[in-house]
Amino acid sequence: MTIPSPTPTRPAAAGGRDFDALFDPRVVALVGASAAPTKWGHLLARNLLTGTDRRTVHLVSRSGGEILGHPVHRSLADLPERPDLVVVVVPVASVEQTVEDALAAGARAIVVITVGYRESGPEGAARERALADRVRAAGALLVGPNCNGVWNGAVQLDAMTWLDDPQTGSLAVVSQSGGIITELVSLGPRHDVGFSRLLSFGNQADVDAAELVRALTHDPATKVIAAYVEEFRDGRAFLEAAAEAIAAGKPVVLLAPPSSDPTRRAVASHTGSLLADDVARRAACRAVGIVQVETPPQLIEAVEALRARRAPRGPRVGVIADGGGQAVLGAGAAVARGLDVPGFSDDLERAIADATAGASARRNPVDITGGSHFELSDYADAVRVVAASGEVDAVVLTSMFGGYERQSVAYVADELAAAEALTTVAEDTGVPVVVHTWYGDTPGAQVLRAGGVPVFEDVGTALDAVVLLRDREDVHGLPAVAGRAEAPGDVATRGVLPADLPDAETFGDEPAGARPAAARPSIGGPRPATTPAGRAAYWRDRRVVEAAGIPVAAARPASTPDDAVLAADALGYPVVLKVLGRAHKSDDGGVVLDVASAAAVRAAAERLLGDRPGAELAVEAQAPLRDGVELLVGVRRDPSFGPLVVVGAGGLHAELHQDVAVALAPVDAARGERLVRSLRIAPLLAGARGRPVLDVAAAGRAVAALSAALDGPGSPDELEVNPLLVLPAGVLALDAHAVRPRDAADREAADRERPATATATATHAPASRTDTAVGVSPAPAAAAAGRAALPPADPAPLPPTTVGALVREARAAVRGLSPDDLRRELEERRPVLIDVRDVRERWKEGAIPGATHVPRGMLEFWADPTSEYHRAELDPERPVVAYCAGGWRSALAAVTLQRLGYRDVAHLDPGFSGWKAEGGAWEPVRR
């Protein structure tokens, strides 16, 4: 589906906001103007005053007086007219009042240059949110804070703090960093790149990158939009805005820093932002045709490449040179970039010889200067013949074109004529022509650029431009997601899945026929060494995959050797036995393959269960591993861009090749198949070296099914099938892992809450780590006779989680009580008290009289439906307060009760460690 071209109306962003006051104000006020030449208030005043023939500029400072020959008002209230735009460069302590004054004066746009907000910490972030809310409530625009301002060359608006005189042109730049804009302005003249509008949006507290791209789409002076973005507040909104711009014929180039620990630290201190993930960003850019670069020079080079008015239809490149060395280097650089340099047909070779004065090499690459005579017109003649032949998709001319005029003025006219002829060839044939010359600053090069022929001073960069233009054609659009209008499909981005994806908890178990854990990558990065939920998680995750329509290997549970034999008899031999509740059973001897008889099953089960008291087994039908190829298929939610689907080599192939493709989700079956076929191991699926041809179409359908698995209620944050066994007919999921990412800061907070000496008493999960992955039973045991059932109603299966996640949930969603609050609760509401400490942690002063004590381990208390807790006399209609020795356990118990259906739950704040008797009253012991 094609996104319709936007109607060329006034610049407006989401919500219909008018950007005229920002980009073309009639009246501007600068608050914080300064007479000191080194102050930003002086630089801004100087720059703004250059446009006084287009608008009125008012300078405001408490000092009054005169600056640069212009009177200075002491306050915004003293202005004789309403300002459209107010630029604020005052100390941070004065910003809020200045903004209030600006709104009172009638400003429709406010630019806050001042720093000291989100980038300074939580308090600054809160003040920033309040500032943005106030401006939005007044119907105005806020740019910044922590920005460098705005520039519009078409209307002589220069409200930027530090900027060389930009060359005017058609490139608009919006950037979180003012310094990036300054660098781009300095680089532009090297490629004759000029600018239409420049805006530094800083912390994007209100106006963000998506709004600005949408506004610039409607600017007639802008032909290309470039953005430097460290954090995407709403990645899908940015993609939609970019898609609109591209559909309107305005390419979008994104400069984004690569994700790494140093860059994340730098971004956090720069704008207080969270750096977008590389894999997600690449997939997002490819989906809608955004060109992504990593340095300012690359951005200018990308803009140069986009001068070409056509894109290659394929990878075939004709290399034409005016010297043998250039021909050799050009062809080698093309091949190194994955382009084809095909040998020309005999007919084309003869046509080249006829069109030139006698090219010495005509096979491809072509050297047009080897004959007895050479004319400058040979450049265009050779390019025309090759471009019109149908044997190439692009032509690269590598030469000293443009340098002849420096040898003799007699060449000037001929060189300009040859340049005009080359632009005509590119236009007439529809084949893009890219020129490499080390004379890129000559009049001939300027003619080429003006006519849509990119010019570069490095042959490798010229061929990079061909790749960029080709890749822009491989675009299928933005997939529709919940809550957004339908848009086109998606396309993958290829590459190696990085090791620094967000840390995650995993649930589920190794597959039948599992490979060593080290050979199995996760879409959330390396798997943690902690124990998964085990029984409940394994069967639950299988059901999620089955519900998506993906076949799963037949399996049955077994708690005893007899159960295992019965399960194997029912499934048929051979079978696989594996222990549930362990992260990497194959490393721990927890998987036994190819078990072919009842006796062998009994022996294997006795060994596995004997080594692991209380364990449970899964008995699975042995999958035909030798007949298929293992893939990894996963889907996860990216915080910026939404769902992503990952397809890669599974099993040992993942470790050997790190071969993955990533796309925005959801995808359809055809796109899923394309992802599979894009892998380097794809020949194994197609019958390479005598292997059977496998059902790639079924693999594509499985990819499509899993890509939509995060849409339903209660769906996990991430889901991975690894391996997905692709067979000659159909596919089979051998393992499923639900994955829930954790924020690093929250994880550190949970670590600080972790008791130093806690020890587990439950057999199935240790209680010594609050980040241990655990599962909640979907239904409690039946209540004992004569006692209230728990929970009050039969709940839906609870989603997988971790102790750390539950603690964070409790802090956000469950009432925390101080000791005084609890005393009032005891007097007024008679709550049920749950003492969740282990027996050894109790002491005389530590128990509240009347509390229901749970003498089991903490994790068993909340995860095991057979624990004593579930047999306690609890009235579900009464309030419930969970307490212990303080800290994370109280919060954990309370939120678990809430998740199990209790409606009135609280926990004790972690600021005290126990209780003691004082004169007959129970008083808290402070930490």
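This is a predicted model: local features need pLDDT of at least 70, side-chain atom pairs count only at pLDDT 80 or more; totals for chains, interfaces and linings use all residues.
Residues are numbered from 1 along each chain as its sequence is written, and side-chain values use heavy atoms, with hydrogens and water left out.

Helices (H or I, at least four residues) and strands (E, at least two) are DSSP runs, numbered from the N terminus. Two strands are taken to pair if DSSP finds at least two bridges between them. Strand 3 and strand 4 (residues 70-73) are joined by two bridges in the antiparallel sense. Both belong to an open sheet of seven strands, ordered 3-4-2-1-5-6-7, with mixed pairing. Strand 3 (66-67) and strand 7 (141-143) each have a single partner strand and stand at the edges, so one side of each lacks a neighbour in the sheet.

Helix 2 (residues 40-48) lies across strand 1 (27-31), strand 2 (56-60), strand 3 and strand 5 (85-88), and runs at about 165° to strand 1. Helix 3 (residues 95-104) lies across strands 1, 5 and 6 (109-112), at about 160° to strand 6. These angles, from 0 to 180 degrees, are taken between N-to-C directions of axes, which are lines fitted to C-alpha atoms, for helices over the stretch in contact.

Asn146 is buried, with a relative accessible area of 13%; buried means under 20%, exposed over 50% and partly exposed in between (1.4 Å probe, protein chains only). Although 58 residues separate Asn146 from Gln204 in sequence, their C-alpha atoms are 8.9 Å apart in space.

Strand 26 (residues 629-638) pairs with strand 27 in the antiparallel sense over eight bridges, and a hairpin joins the two through three residues. Strand 27 also runs antiparallel to strand 28 (residues 660-664), to which five bridges join it. Leu644 of strand 27 stands opposite Arg636 and also opposite Leu664 in strand 28. Eight of the eight residues of strand 27 (residues 642-649) are buried, so this strand is largely enclosed by the rest of the structure.

Key
Contact means heavy atoms within 4.5 Å.
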